[in-house]
Amino acid sequence: MGFGNYRTPHSYGYVMTERSSPHAIQSLEMRGVVKRFPGVMALKGVDFDVRAGEIHALLGENGAGKSTLMKILYGLYQPTDGEIVLNGTPVTIHSPHDSISRGIGMIHQHFMLVPSLTVAENVALGMKSGRGSMLDLKQIAKALNELSERYNLKIDPKRPIWQLAVGEQQRVEIIRALYRGAALLILDEPTAVLTPQESDHLFTVLKQMAAEGHAVIFISHKLHEVLAISNRITVLRDGARVDTIPTVGATKLSLAEMMVGRPVVLEYEVPPPAAEGVVRLKLEAVSAMSERGDLGLREAALEVRGGEILGVAGVSGNGQHELAEVIAGMRPAVNGKIIINGAVSTNITPEVLRKRGVAYIPEERMIDGVVGKFTVAENYVLKTHGEKTYTRGGLWLNMRAVANACRKAIHNYEIKTPGTDTPIKNLSGGNIQKLVLARELAENPGVLIAAQPTRGVDIGATEYIHRRLLDERAKGTAILLISEDLDEVMALSDRIIVMYEGQIVGEVVRGAYDVRHIGALMAGVTAEALEDSA
Amino acid sequence: MNILEVLGSIFTASVAAATLRLATPYLFAAIGETFAQRSGLLNLGVDGIMLMGAFSAFYAVLMTGNLLVGLAAAMIIGGLMGLAMAFISVTLKAQQGISGIGLYLFGLGMSELLFQTLVGTPKSIQGFPPIYIPGLSDIQFLGIGRIFFSQNILVYLAFLSVPVSAFIFNRTNFGLKIRAVGQNPAAADAMDVSVTRVRYATQIIGGVMAGVAGASLSIALLDVFQQNLTGGMGFIAVALVYFGRWKPLGVMLGALLFSFVNALQLQISAVGIQIPPEFSTMAPYVITIIALVFAGKQSERPTALTVPFQRGE
């Protein structure tokens with residue numbers, strides 16, 4: 001692999017200001033990095049390098065080792081072996097203290113912000129104050145406003161974090177890293193929480209930073225983003241580097257193959273819906289409270305017919321979570337009606353809902369989907385263990401029947417597990433999700449609520465789950481597919497509704513899908529305003 | 001005796017003065033515990049530290065006759081017990097509820113053992129005298145001079161600790177670190193704040209203040225030591241932190257409420273009203289439980305309370 005041809009597209013026009021780039025990072029190399037966790041080899045000797053002025057994408061599936069590698073660079077983990085070379089000199093990074101003082105900043109997947117503190121207080125945290133042991137928030141606010149203007153990242157230093165939307169919180173993280181003088185910025189899956197428009201804006205900012213001489217590492221598993229923003233791409237698979245290639249010349253298909261290690265299908269053929277099915281799931285003006293204590297779901301109305309997939313798009317935290325839970329019987333509806341197969345089913349227990357043919361793939365599979373310490377077989381019968389087939393006289397479990405049924409599911413759903421009595425938490429995300437799917441589909445549901453069914457799942461399992469969902473659709477199941485991955489929603493759904501601040505703000509039918517249009521709805525631009533501007 | 005006379009004989013300036021006096025141990029202990037809780041540590045052993053602080057202050061005064069030596073002894077013992085608690089909670093990451101109860105039982109037993117071995121029979125000492133603030137202590141109007149300006153030094157210090165701690169929490173770097181560590185230790189860690197160091201510091205502050213709280217009983221208010229001198233005041237102090245919603249001012253209001261009930265209880269029995277003493281003894285605890293039920297959710301609540309921090313989890 002020659003990267004001799006590689007040239008940085010930007011000049012090294014260093015803009016040295018008082019704060020923004022006191023630590024010059026010309027190059028940073030990680031050589032032969034090994035990380036061993038108890039029982040797992042997370043990184044098997046990875047080489048990686050980044051230079052000033054470039055955006056280097058780190059691509060790989062969940063569990064490939066991207067975050068682990070970057071946490072080592074940021075000092076949150078210690079490598080088992082290998083070295084880090086900064087501007088040609090080997091360095092050791094024991095903690096975030098070392099990385100920050102060398103000019104490395106990181107935007108974590110889970111934001112490192114304190115919700116009750118203001119933007120300025122979050123920036124002040126851990127820094128020396130100009131006024132000794134007193135806080136100097138005024139001076140910080142002034143500097144933040146300057147940075148905010150320079151990079152076109154709008155923030156209000158005085159507002160507490162908990163009042164900010166996720167996109168704004170991310171801006172705070174980026175500005176904080178810049179304020180701290182980061183010359184190298186690591187972003188861990190930064191677009192997961194953004195609308196397409198917000199992502200575009202982020203890309204503009206990152207390109208500006210690179211043009212000013214910052215080095216940027218962009219972690220992602222989304223192929224089109226990586227192609228759109230990076231100069232070079234390093235692909236990781238199973239803790240090892242597959243290759244590092246210049247972005248020019250790479251394609252989605254070639255990258256996907258590198259990630260997975262075999263040819264993959266990226267687009268599906270979705271046959272047109274057969275006959276118009278009956279309405280199996282109907283919501284009439286359903287509202288529900290969120291954990292924050294306000295109305296997280298407001299007057300939601302929708303219909304899903306048998307043999308149809310209704311996609312729900314939206315930025316995380318706009319009511320999708322409440323929508324899924326209220327239908328699944330896990331959250332009370334404060335008003336409105338939920339009708340399943342013609343029967344009013346508002347505020348009834350999940351057990352009764354199950355008998356009425358509702359299956360639910362929850363968003364947080366380790367919390368609401370499975371019991372981590374239970375075995376694969378026990379998790380398989382979590383819902384149905386009271387049924388005659390699995391008990392002796394309704395009193396105690398027939399473990400042999402349970403194991404047999406589970407073995408069948410393992411075979412049918414191609415679940416990779418050492419056995420039926422392995423604690424399920426030892427399985428990979430994709431295999432756990434397949435088991436949840438097997439359990440939920442076992443009773444041939446009429447209605448399936450699939451919330452983020454492929455989040456944190458590898459491409460192979462994602463492909464499999466998508467095919468299963470399409471099979472269910474062909475069988476006549478009404479499917480509500482809630483996902484923050486717009487590509488997924490567009491690939492599978494017959495119709496898409498968009499949620500914003502707890503409301504359904506728009507609907508689009510297959511054939512009229514347009515990322516800009518859906519993205520604008522996700523950002524709260526009303527359908528009318530969109531038409532006016534068109 | 002008509003009802004007004006009864007009320008008049010109960011709500012007197014001496015009750016008001018006693019309220020401030022009795023608030024002192026609650027305040028020291030609860031403000032100290034606020035430091036610990038704001039950083040995410042629950043110390044149920046406050047009462048044990050108070051007992052050890054009370055004994056060490058009492059014993060040091062008995063031996064040396066010097067009140068400041070007594071106070072210093074309570075601070076040192078309190079600080080050491082805070083350090084022990086920090087080691088257990090932060091370094092060993094033990095269950096804080098259980099280890100706190102352990103610390104309490106240790107303090108309860110140890111203070112009595114030491115008292116029996118070193119002192120033996122009940123003795124009293126000369127505690128901190130009232131300080132009459134010139135000019136102000138002579139104000140006769142509503143008994144203000146007597147209530148507010150004729151108290152001993154520890155009473156003044158206890159009330160001073162309220163604005164001082166509020167200032168530390170809200171205006172200083174250290175306070176910001178405490179709040180951040182209690183709310184999102186992972187974020188604080190990623191921003192180069194040592195979670196361990198901050199939590200050790202707050203727990204030691206909490207220990208020192210609990211020690212002083214004990215000393216305020218044995219060498220300023222009661223001037224004696226006996227078995228279980230505190231009678232569970234340390235537990236009330238922990239509850240007061242919840243009651244006051246982790247804010248020094250709220251903690252102070254709670255402390256005043258409790259000490260007022262205490263003072264009233266003394267006065268009622270002094271006046272000779274026939275209420276079974278058990279009721280008035282129970283009252284503070286009942287109020288504590290009610291207050292806790294209504295304390296509910298709060299944005300200032302340290303969300304990492306009782307959760308040990310482990311980097312990378």
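User: How many helices and strands are there in chain B?

Analyst: Chain B has 13 helices and zero strands, where helices (H or I, at least four residues) and strands (E, at least two) are DSSP runs numbered from the N terminus. This is a predicted model, in which local features need pLDDT of at least 70, side-chain atom pairs count only at pLDDT 80 or more, and totals for chains, interfaces and linings use all residues. Residues are numbered from 1 along each chain as its sequence is written, chains are lettered from A and ligands numbered from 1 in the order in which they are written, and side-chain values use heavy atoms, without hydrogens and water.

User: Why does A:Gln169 count as buried?

Analyst: Buried means under 20% relative accessible area, exposed over 50%, and partly exposed in between (1.4 Å probe, protein chains only). A:Gln169 has 15% relative accessibility and therefore counts as buried. This residue lies in helix 5 (residues 166-179) of chain A.

User: Which residues is A:Gln169 in contact with, leaving aside its neighbours within four places in sequence?

Analyst: They are A:Phe111, A:Leu113, A:Ile161 and A:Leu164, contact being heavy atoms within 4.5 Å.

User: Why does B:Met282 count as partly exposed?

Analyst: Its relative accessibility is 43%, so B:Met282 counts as partly exposed. The residue belongs to helix 13 (residues 277-295) of chain B.

User: What radius of gyration would a compact globule with 313 residues have, and what has chain B?

Analyst: The radius is taken over C-alpha atoms, and the globule rule is 2.2 Å times the number of residues to the power 0.38. For 313 residues a compact globule would be near 20 Å; chain B has 20 Å, which agrees.
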